[in-house]
Amino acid sequence: MTLTAQQIQQFRQHGFTIAPDFFDAREVKALQAELGRFMREGLLYNVATDGDGKTASKTNVNLQICPIWSKSRLFRAVPFAKKSIAAITALIGEPALQQLDQIFLKPAGSGAPTKDRKSTRLNSSHTVISYAVFCLKKK
């Protein structure tokens, strides 16, 4: 998959971009299965708070796992896939260094609102929201 000039420009202006269909159906199924394993094994932690940033919420759910690399060979491999490297190179150039990897899962109807308006908006309209974050920097 090749990123468009518009996706690259969005990244340069806003620090993120969206790449629909970056993973094919088979890859999505494998990633979802791995996320299901994380849930079954209790590897995701609820990081939602009651608005003060400190008190653990008993009603809202924002699940997180960080880091991923030590828990999953599949997720550990994602940043090194050819298409990932091509996208990273298009966005930040070479060489790149992975700084951090984590997953957030905000179940619809129980995900706590965040200052990230995009996540909050999506949370109200989708059945499940999950995304993987790979923080990268130019080496």
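Ser 84 counts as buried, with a relative accessibility of 7%. The model is a predicted one. Ser 84 has its place in helix H4, which covers residues 82–92. Neighbours within four places in sequence aside, Ser 84 is in contact with Phe 22, Val 78 and Pro 79.

Phe 11 belongs to helix H1, residues 5–14. This residue is partly exposed because its relative accessible area is 22%, and buried means under 20%. Apart from neighbours within four places in sequence, the contacts of Phe 11 are Phe 16, Thr 17, Leu 91 and Ile 92. Phe 11 and Leu 91 are 80 residues apart along the chain, and their C-alpha atoms are separated by 7.0 Å.

The two residues are set side by side below.

How do the two helices pack? The axes of H1 and H4 are 9 Å apart, and the packing angle is about 55°. H1 is therefore oblique to H4. The crossing of H1 past H4 is right-handed. On the H1 side the contact is made by Ile 8, Phe 11 and Arg 12, and on the H4 side by Ala 90, Leu 91 and Ile 92. By class, this contact of H1 with H4 has 5 nonpolar residues, 1 charged residue and no polar ones.

Note on methods: Residues numbered from 1 in each chain as written. Predicted model: local features only at pLDDT ≥ 70, side-chain atom pairs only at ≥ 80, totals over all residues. Heavy atoms only, no water. Helix = DSSP H or I, 4+ residues; strand = E, 2+ residues; numbered from the N terminus. Buried < 20%, exposed > 50% of the residue type's maximum accessible area, 1.4 Å probe, protein only. Contact = heavy atoms within 4.5 Å. Axes fitted to C-alpha atoms, helices over the stretch in contact; angles between N-to-C directions. Parallel < 35°, antiparallel > 145°, perpendicular 65-115°, else oblique. Left-handed = near helix turned anticlockwise from the far one by under 90°. Nonpolar A, V, L, I, M, F, W, Y, C, P; charged D, E, K, R; others polar.
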